Amino acid sequence: MATNKNQHFVPRCYLKPFTLDGENKVINLFNIDRERHIHFAPVKHQCSRDYFYGDNPQLESAIQFVERSYASTIKELLVDGKKLNAKHKTILRRFWLLQHLRTEAACKGAAEMNNEMGSTFRAEIKDFKISIKDAVEMAMMTYADSMDIVDDLKVCLFKNKTRTPFVTSDDPAVLSNKWHLSDKRANFMSFGMHSAGALLFLPLSPKVLCLCYDGDVYSIGHTNGWVPVKNERDIKHFNQLQLANCMANIYYQDKDHSSSINKLYEETFHIRPERRHRFNYAVFDYEENGYERYRVVEKEELQENDNALFHYESIHPEPTNWPQHIKVRRNGAVYTNDTRVGYIRYEKIKERTSGGFRRERPGV
């Protein structure tokens with residue numbers, strides 16, 4: 001059996017810098033559903049469930065190893081002037097990926113996707129349903145098998161020099177893509193960690209935020225991996241991503257900032273998606289010149305057809321504006337449609353080179 005019954009999907013070592021005086025005992029939070037602040041809430045009860053990862057002691061031990069590495073790295077990086085080295089970058093990238101995959105919101109979404117797929121099929125395969133705990137174990141297997149998928153991204157740390165703190169949440173590892181969301185050619189298409197222009201946000205403390213980014217699409221000026229932020233509007237746009245992405249709770253260190261959290265909520269609530277994913281269904285319509293055409297239908301009609309398509313689409317929030325430090329390169333990305341392999345491809349090229357680095361993703 002696992003040694004800990006109360007298992008955190010956002011670890012206490014991550015929340016510690018956001019706790020009162022950094023003592024890892026109590027924390028202030030704003031609950032989105034009730035629109036209510038709760039001050040001095042015990043950290044041990046935040047972002048946790050009994051046996052969230054099941055009762056596998058090996059899995060628990062592996063997760064604790066990653067968390068210890070992260071805690072050690074944060075202890076070094078929160079010292080002013082500490083240079084960001086290659087080891088720090090690897091640990092931050094992989095902790096972001098683990099955190100992104102393992103939250104209650106992420107695992108709930110994965111379970112809903114699988115169960116929705118199962119409910120569209122015929123009765124003999126409806127035992128396709130999985131629980132949230134099953135989804136957690138699947139997420140951990142995904143992490144173990146593909147933890148290197150973010151290793152190509154560059155890493156920088158934003159140093160908050162304003163009076164407005166960075167906040168965090170119960171789903172703090174945010175995936176976004178400024179280039180994709182701003183480019184009309186990407187309309188009606190989603191994106192993922194493999195996509196050109198990926199941005200991975202993770203607040204580390206009220207004064208430090210980590211960003212992993214696609215260096216072939218974005219240019220971010222920094223010194224030894226650090227970027228000073230002096231404009232409170234930029235802090236607001238970073239914080240908007242936390243509020244728009246969280247499941248229920250925003251966490252912050254100082255209760256005196258409650259009023260600024262209220263203002264952030266008022267300015268950001270409209271960009272918060274009503275749901276995190278969308279299901280689309282289509283059935284075979286006709287064939288012409290060797291191509292099959294499908295038409296979009298409601299789920300009920302899908303079940304009456306033998307030839308049908310099921311599509312799962314992730315919905316990503318977009319801030320009202322982007323921090324000014326994240327600049328899109330002018331010649332960073334080229335859009336091509338490769339019909340030979342049947343998917344939309346985004347290729348990033350470097351000037352005067354025929355090859356260059358590539359991140360690919362399937363289209364809709």
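Q: In what order do the 5 strands of the open sheet lie?
A: Happy to start here: this is a predicted model, where local features need pLDDT of at least 70, side-chain atom pairs count only at pLDDT 80 or more, and totals for chains, interfaces and linings use all residues. Residues are numbered from 1 along each chain as its sequence is written, and side-chain values use heavy atoms, leaving out hydrogens and water. Strands (E, at least two residues) and helices (H or I, at least four) are DSSP runs numbered from the N terminus, and two strands pair if DSSP finds at least two bridges between them. The pairing is mixed, and the order is β7-β8-β9-β5-β11.

Q: Which residue in β9 is the bridge partner of Leu-157?
A: Strand β5 (residues 154-160) and strand β9 (residues 208-213) pair in the antiparallel sense over 6 bridges. For Leu-157, the partner in β9 is Cys-210.

Q: Which face of α8 do its buried residues line, and within what arc do they fall?
A: In α8 (residues 258-268), Ser-258, Ile-261, Leu-264, Tyr-265 and Thr-268 are buried, with buried meaning under 20% relative accessible area, exposed over 50% and partly exposed in between (1.4 Å probe, protein chains only). The arc is taken from the directions from the helix axis to the C-beta atoms. Seen down the axis of α8, the buried residues line one face of the helix, because they fall within an arc of 115 degrees.

Q: Which exposed residues does the face of α8 turned away from its buried side carry?
A: The buried residues of α8 pack against β2 (26-31), β3 (36-42), α7 and β12 (249-252), where contact means heavy atoms within 4.5 Å. The face turned away from that buried side carries Ser-259, Lys-263 and Glu-266.
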